[in-house]
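Hi,

Here is the structure I promised to pass on to you. Have a look at it first, and then read my notes on its pockets below.

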Amino acid sequence: MTTYFPTKPLLLAMAIALPAHAAVSPEQANKLGQSLTPVGAEMQGNADGSIPAWNGGLAQSEERYTNPFADEQPLFVITADNVDQYADRLSPGQLALFKRYPDSFRMPVYPTHRTAAYPESVYTKARKNAEQTELTDGGNGLSNFDETLAFPIPQNGLEVIWNHITRYRGGALERTFVQVPVQANGAFTPIRINEKMSWPEYLKDQGKNDQDNILFYFVQQVEAPARLTGEVLLVHETLNQIKQSRQAWTYNAGQRRVRRAPQIAYDAPGTASDGQRTTDNLDIFNGAPDRYEWNLVGKQELYIPYNSFNLADRELSYDDLLKPGHLNPDHTRYELHRVWKVEATLKDGERHIYGKRVFYIDEDSWQIAIADHYDTRGELWRVAEGHAFPYRDALIPWYSAEALYDLQSGRYLVGSLTNEEGKGFDFNQRFKYNDFTPQAIRRLGR
């Protein structure tokens, strides 16, 4: 697989080999909006033009689901028969999917469009963070951090993964989606989930509580099927989880009690996932990074799921999308993009079901596009694909689907689907602190 590093000026700014704990200089930060995009991607395209220059991203529009590329046809389709021609632009996990499903898995590759765009306020904060945000406590916390995109000019693997963790997702939102564990034969039962999230800066009563170490507040409630309803999860996600661990509570409908839930972290089974994901698999990766050593390998060009308007089509049903083994490739879209490659290796003495994880992070949005998960024996186990979707009404790059494929069992899990769920994502919500308390989830559970 071909891995390359950015141009010499950017490479000098990265100092990849050593974990840096200092913000970049004003001279380096001045590259943002010049040779780098406002969030730190390379402004220019690649040598042959197959990746264009970034020109501001997709313009804001209230037509969230209108596909601006509906008339495009694939440039080519990668199949098990021709995959060797493209192997240097695929991850080991993607290659393994072709081997696991040679007759059905394919990747239609379309022209590349760098649609990622954020509100101007995000660019302002990224510029500010570039000069002032620093890693603390061995990289497990942040100091002098302002809300979003901590390290637009990252200097090591930890800073890259912190960009995924702290990327902008609207400030406050409510979303209703389905998470679907799909069996090897294609059988599935959709699980409808409602989630509410708010970053402290967006609470109606911000500043009334001690929020210095809070990244965001989160409430998750299963709404269907009936056998899973009544369970509610509350999380106060902390920035520095060594200084103050993630605070979590659950409401149990059968017991009618709220309990502290310190186990809701790391490799604990994810909510209603049929054991097919860990807690830190949600959003492909979330939570504390302290159990892994993080190595920034460099940058490379990779075929990744992108501009997934077809997958988000409101006219499609879950039966249309979910097939044995993997998502229906009739509705997926892949493009060539530059990604940061970061390897996370389990530290000696630490415990996790994943001994190694390799993340490929889109340079324009800072969200993980592909993740290859290895077990503690070093065997490739699970492959995650984040099907990028620009919520252009709010200028928020996120996912229209998160797929996690189990290469061993043939099962897979898909989250964030909203095709049959009405509005799905609502970025116009504003909450109070009292909406994220143990008393609040007791009321929800009832």
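The lining of the second largest pocket has nine nonpolar, 10 polar and six charged residues. In this scheme Ala, Val, Leu, Ile, Met, Phe, Trp, Tyr, Cys and Pro are nonpolar, Asp, Glu, Lys and Arg are charged, and the others, Gly among them, are polar. Please keep in mind that this is a predicted model, where local features need pLDDT of at least 70, side-chain atom pairs count only at pLDDT 80 or more, and totals for chains, interfaces and linings use all residues. Residues are numbered from 1 along each chain as its sequence is written, and side-chain values use heavy atoms, without hydrogens and water.

A pocket here is an open set of points on a 1 Å grid over the protein atoms alone, where a 1.4 Å probe fits, with protein on both sides within 12 Å along at least five of seven lines; lining residues have an atom within 4 Å of a point.

Around the second largest pocket there are 25 lining residues, and Gln211, Asp212, Asn213, Ile214 and Leu239 lie nearest its centre. The largest share, three residues, is from β7.

Now for the largest pocket. Its lining counts 37 residues, with Phe218, Gln220, Leu233, Ile264 and Thr271 nearest the centre. β7 turns up here too, giving the most to this lining with five residues. By class, the lining splits into 16 nonpolar, 11 polar and 10 charged residues.

Enjoy exploring!

Note on methods
Helix = DSSP H or I, 4+ residues; strand = E, 2+ residues; numbered from the N terminus.
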